[in-house]
Amino acid sequence: MSKDYKIISNTEPKDSEKEIFVELSAEFVSSFSEKALSEFVKEAEIEGFRKGKAPVAIVKERVGEFKLFEEATQRAIQEIIPVIMLQEKIEAITMPHVHLTKIALGSPIEFMMHFFIMPEVELADYKKIAMDTKKETVGLKDEEVEGYIQQIISARATKNDAGEETKPELTDDFVKTLGDFKDVADFKMKLTENMKAEREVQASQKRRLVIIEEIVKETKIKMPEVLVEEEQHKMFDEFKGRVESMKMNFEEYLGSIKKTEEELKAEWKEDAIKRAKMNIILPQIAAKESLKPDTKDIDTEIENLRKAYADLDENRARVYVASVLTNEKVFKYLEML
């Protein structure tokens, strides 16, 4: 137990909800006074001084002792929450909501942390489910390859002055205009390999979906509603992003389909439940099977994101990337069973 805080009460989990009543020492809160004051100085706009250049004593007088104490309190709470989560070994699945219950100058402050913890999970026999899910035999007929070649040729057709369509012939020179191919035989061989590889990826994705849906169906979890709501919000944001990427006004689009945001979320609830369950199940399997992504792979992905996003929050990005790569390892593990 840290000397900076004291747990006054700690409720037993009920439906994955938990509350912790915390007391913070007056000394700990006071240690944030200088940081709080420096922030007020930085933002202060006082006549006769440039922004951020007013004397500390004047800013302190203008702000007032209690407001300064309130700011120090908020900073102290934000600093101590991760410490409490770590030292008390709390596996929270949401950020705590904080409610101040006692605040007085020179005295310890008290606040309530309310959050959700990982629900109890009774995992399905995921190994058996994966082994019982048959692998699809991927085949590719010669006529399918020829049909695709004809589509390529048709796409390269031109029209003469009379409006007549002229298709190019399948020659060595023609295939060289399509990519790095030596001749027609090389083109057909590589096209066949690529088409088969694409079919294999599609079959793999289809089998993954069947496996995880069956695992989700057979796994027993009492889902906290907050996780389902969070997933509905994500689905809504993804949908809105797709609509706006097509240069459409989202509000106008909702009007055209005669739906509200809440109606859409309600329609997606079952899928949101499945997604929320999957987000819990995959890390559970990863933990049981000791599946972790390589640090180098995480670093590589972070570097790629950093190039694409100048204002990247690296800590959050690292958590996200690690989660995605871990899930991928779980899927590959299940596919190999």
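**Figure 1. Where helices α9 and α12 touch.** In α9, Glu 225, Leu 227, Val 228, Glu 231, Gln 232, Lys 234, Met 235 and Glu 238 meet Lys 269, Asp 271, Ala 272, Ile 273, Arg 275, Ala 276, Asn 279 and Ile 280 of α12 (contact: heavy atoms within 4.5 Å; helices: DSSP runs of H or I, at least four residues, numbered from the N terminus). Seven of the residues in this contact are nonpolar, two are polar and seven are charged (nonpolar: Ala, Val, Leu, Ile, Met, Phe, Trp, Tyr, Cys and Pro; charged: Asp, Glu, Lys and Arg; polar: the others, Gly among them). This is a predicted model, with pLDDT of at least 70 needed for local features and 80 or more for side-chain atom pairs, while totals for chains, interfaces and linings use all residues. Residues are numbered from 1 along each chain as its sequence is written, and side-chain values use heavy atoms, leaving out hydrogens and water.

**Figure 2. The crossing of α9 and α12.** Helix α9 spans residues 225–245 and helix α12 spans residues 269–288; their axes come within 8 Å and cross at roughly 110 degrees (axes: lines fitted to C-alpha atoms over the stretch in contact; angles: 0 to 180 degrees between N-to-C directions). The two helices are therefore roughly perpendicular to each other (65 to 115 degrees).

Figure 3. Helices α9, α12 and α14 (314–336) each supply at least two lining residues, and α14 has the largest share, with ten. The lining comprises 16 nonpolar, six polar and nine charged residues.

**Figure 4. The second largest pocket, with α8 and α12 in its lining.** The second largest pocket has a volume of about 390 Å³. It is lined by 17 residues, with Leu 209, Ile 212, Glu 213, Lys 274 and Met 278 the closest to its centre. Both α8 (184–218) and α12 supply at least two residues of the lining, and α8 gives the most, nine residues. Sorted by class, the lining holds seven nonpolar, one polar and nine charged residues.

**Figure 5. The meeting of α8 and α12.** The axes of these two helices come within 10 Å and cross at roughly 95 degrees, which makes α8 roughly perpendicular to α12. From α8, Ile 212, Ile 215 and Val 216 meet Lys 274, Lys 277, Met 278, Ile 281, Leu 282 and Ile 285 of α12. The contact of α8 with α12 has seven nonpolar and two charged residues, with no polar ones.

**Figure 6. The contact of α2 with α3.** Here we turn to helix α2 (residues 33–43) and helix α3 (residues 56–63), whose axes come within 10 Å and cross at roughly 100 degrees. These helices are therefore roughly perpendicular to each other. Leu 37, Phe 40 and Val 41 of α2 make the contact with Val 56, Val 59, Lys 60 and Val 63 of α3. By class, that gives six nonpolar, no polar and one charged residues.

Key. Angles under 35 degrees count as roughly parallel, over 145 as roughly antiparallel, 65 to 115 as roughly perpendicular and the rest as oblique. On a 1 Å grid over the protein atoms alone, a cavity is a set of points where a 1.4 Å probe fits but cannot get out, and a pocket is an open set with protein on both sides within 12 Å along at least five of seven lines; lining residues have an atom within 4 Å of a point. Grid points are joined across faces, edges and corners, and a volume is the space filled by probe spheres set on the points.
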